[in-house]
Amino acid sequence: MTTGSFVQMLPWVDDDQMHIMDIYTELVLVVLNDKVGKIVKAKIRMESYGDIFRVLKTREGNPIKRVIFSGSAGLGKTTLCDKIAYDWAVGKNEILKRFELVFFLKLRSLTTATDLIDAVADQLVERDIVKRCDLKGFIDQNQDKVLMLLDGFDEFQTTRTEKSSFGSILKALNRKQYKDCWVVITSRPPLDQLVSSSLVEKPFTHVEVEGFSAEDIKKYVTKFFPDDLENVNKLIEKIRSSEVLFDLAKRPMLLLLMCLLWRESGKLPETMTRLYTEALKYIFRRKAKDLSQDEVSQILISIGKVALHGLISTNQFLSFKEKDFDKKAFDAAIRAGVLTSERVIKGLDIHNNVYFIHKTFLEFCAAMYWQSIINTEEFEGILAKVCWATINDSRYEYLIKFSCGDNEECTKRVLHQLTKNGDLKLGLFCYFESQSKSLPSQDFIKAVLMRTTIHISQWNSDCLNSFFHLVKQVSNQTNTSDSAYFPHVKHISIVSCDLQRFCSELVNCFTNMTNILKLDLSHTNLGGRASLWAPPLKKMKHLTELTFIGCNLMGKDMAHIAESVSDISTLIDINLSRNKTLCGCASLWATHLKRVKRLKKLTLRLCNLTGQDIAPIAESVGDMPTLTELDLSRNHTLGGCASLWATHLKKMKHLKNLRLRDCKLIGKDMAPIAGSVSDMPTLIELDLSQNVTLGGFASLWATHLKRMRHLKNLRLARCKLVGEDMAPIAESVSDMPTLMELDLSGNHTLRGSASMWAPHLKRMKQLKNLRFGSYILTGEDMRLVNVAFKDNTTIDVEMDDMFVSPS
């Protein structure tokens with residue numbers, strides 16, 4: 001309630017503090033467990049940190065007492081622990097009232113063998129205030145009422161995890177000691193060492209700290225400038241105007257730096273390197289005004305040498321002794337606040353541990369030193385080591401990024417090594433940080449852009465910005481009509497990324513990549529902005545497939561998309577599935593489909609289409625002589641009302657394949673569907689699979705199948721058909737003269753009942769393939785099926801992924 005109630009706005013400025021309740025903003029916390037109790041989703045946003053103590057339980061209903069908060073640097077993991085500790089101390093959170101003791105320990109000053117009671121004495125309470133035996137005794141007897149907050153496993157002073165060397169803190173992680181205590185531990189990725197057989201094993205809760213959302217950023221800035229709405233609006237506008245700044249602002253520490261720099265000068269830099277450079281200038285202006293910029297640079301390089309040694313050592317260490325530093329540089333860094341010194345008492349030994357104010361500042365200074373030795377063997381040795389290490393983990397990523405900041409020569413060396421290692425994603429970051437006016441090497445550009453397929457999946461804004469930056473630089477500095485790079489791209493897939501703020505970058509990308517055959521922009525949140533990004537699609541004269549699954553497309557988007565691709569004679573496949581905002585308004589957008597005159601396949605799965613939508617869709621595609629396949633699967637609102645929409649299917653005179661899988665169809669829907677299908681002369685395949693309400697009622701609907709006299713393939717997979725259904729189905733199928741394939745796979749309710757229905761199979765004399773799928777029939781069922789087809793030597797019965805011929 002005293003020292004923990006104020007947040008040091010900058011650790012190096014003693015008088016720059018705010019109360020934690022005035023500045024703390026909720027973070028985005030996402031549970032990544034595959035299964036927690038009844039929760040089976042892979043990624044679930046938590047309402048608050050309290051959920052980890054209340055909601056998450058094992059399969060057996062027991063609370064999960066080991067929790068990992070993971071996230072990259074500056075996302076607020078430490079401040080989150082501060083907030084938990086503060087809320088407990090003041091009794092603010094009801095969930096935390098269950099705990100009688102809470103320990104908040106920094107792991108950076110601990111070792112493998114550290115004992116919990118010793119750590120508490122070293123970091124929190126003097127040994128003579130609380131007796132060791134009393135504290136240990138209380139913990140042992142009240143484990144369920146004790147919460148340990150262990151901050152910074154990635155800064156832990158060891159890379160060895162042999163169980164024989166463990167002290168009680170690590171034993172608390174692997175439950176060998178204090179197994180009923182609650183333990184929350186924070187770490188940067190990777191988590192391989194932490195999540196292992198020697199430390200944290202299942203069950204545990206993995207919570208990813210994603211930093212701030214857009215709304216959180218606004219709340220934080222408003223709290224920082226509580227009485228200055230004008231500054232709040234200007235800073236928010238500046239952050240939102242830059243993809244890089246917006247992504248950096250998701251990290252609370254970097255947003256704090258932005259607020260401080262904005263308060264100082266009303267300006268913000270564009271890259272992470274420049275943000276830290278300006279932050280360090282700010283630090284030294286506040287506390288060391290007598291030093292020139294050259295002197296400051298030399299100080300940072302000097303302490304960076306020590307930082308780099310600790311960072312890349314085999315047993316990485318981030319805690320130092322005063323004697324490790326040049327005294328003059330050390331004194332200046334301490335005075336400015338870049339370094340901080342903590343008094344440590346271990347038995348009779350008293351000494352000071354020296355830390356950088358944050359690991360990212362350590363990495364920045366280490367990079368400055370590394371840049372300063374660029375033409376030496378030492379530089380090359382470090383380069384090979386850290387670049388090779390990034391193949392398997394990300395511990396050196398910030399060091400590498402900072403080393404390329406505004407340094408063209410260093411970037412050139414780093415990109416050469418990363419290209420050899422195939423680490424192109426990190427290479428893109430590095431090239432962006434360099435802000436070089438020159439293009440990177442031919443080898444790097446070729447590795448990224450001179451490819452048949454470019455596949456980007458689940459990239460954040462920072463990653464996307466780096467990729468588009470390279471595309472822009474290449475397009476600006478090469479003659480695109482003669483470029484050796486862009487024409488090689490035939491398939492570009494950018495999926496599961498938020499492209500809402502990258503429309504202009506997409507335009508530049510599409511304008512250059514004109515030889516694309518397949519374009520996939522699924523799950524990219526592009527809805528409502530097609531007027532900005534769709535026009536350059538006109539230049540893709542060879543495009544064959546266009547996929548916009550789950551893009552939140554709206555009716556108005558369809559006009560721009562259709563207009564842009566209407567003259568592309570090669571376009572044969574459009575997939576608009578999962579765009580639920582297209583439902584109920586097809587009359588407004590379907591007409592634009594007429595412009596895509598050579599389309600062969602149109603997919604509208606899971607679009608929440610209603611009966612009223614089918615008429616304008618059918619009218620628009622009905623006159624397309626090339627359209628042969630229409631997929632309307634999983635539009636559940638079509639079930640039970642086929643009498644309102646099925647008749648419009650007749651207009652699709654050239655259709656060969658119609659899919660109505662999982663549309664919640666019921667028996668009364670089959671008559672109007674069959675009536676329309678019978679008037680579709682080219683339709684040869686109808687898929688009615690997964691309409692589970694058809695099972696058990698075939699006597700009511702199967703007779704309508706007879707009218708589909710030109711069908712070759714009928715799919716009734718996973719419809720929960722039962723033995724009684726097979727007689728009317730077989731009778732109707734026997735009157736379908738062209739039917740060659742019947743798919744009954746996945747109907748497990750047929751298992752063991754062949755004696756009831758197998759004799760009816762004799763009527764299906766024209767069938768060539770009867771599919772039951774895997775593990776549906778018993779051996780006796782199969783014997784009866786073979787008996788039924790003993791006179792039909794041409795049929796194949798698919799069973800257990802094998803084709804069995806009764807002949």
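My notes below take a helix pair and then the salt bridges.

I am working from a predicted model, in which local features need pLDDT of at least 70, side-chain atom pairs count only at pLDDT 80 or more, and totals for chains, interfaces and linings use all residues. Residues are numbered from 1 along each chain as its sequence is written, and side-chain values use heavy atoms, with hydrogens and water left out.

I looked up helix α19 (residues 442-449) and helix α20 (residues 461-477), helices being DSSP runs of H or I with at least four residues, and found that they pack at about 120° with their axes 12 Å apart. The contact, meaning heavy atoms within 4.5 Å, brings F444, I445, V448 and L449 in α19 against F467, L470, V471 and V474 in α20.

I then turned to salt bridges (a side-chain nitrogen of Lys or Arg within 4 Å of a carboxyl oxygen of Asp or Glu), and by this rule the count is 34. E685 and R715 meet in one of them, at 2.9 Å from N to O. E685 lies in strand β20 (residues 685-687) and R715 in strand β21 (residues 713-715), so the pair ties together parts that are 30 residues apart in sequence; strands here are DSSP runs of E with at least two residues.

R715 also forms a salt bridge with D743, the closest N and O atoms being 3.2 Å apart. I noted that both D743 and R715 are buried, which means under 20% relative accessible area, with a 1.4 Å probe and protein chains only.

Notes:
Axes fitted to C-alpha atoms, helices over the stretch in contact; angles between N-to-C directions. Buried < 20%, exposed > 50% of the residue type's maximum accessible area, 1.4 Å probe, protein only.
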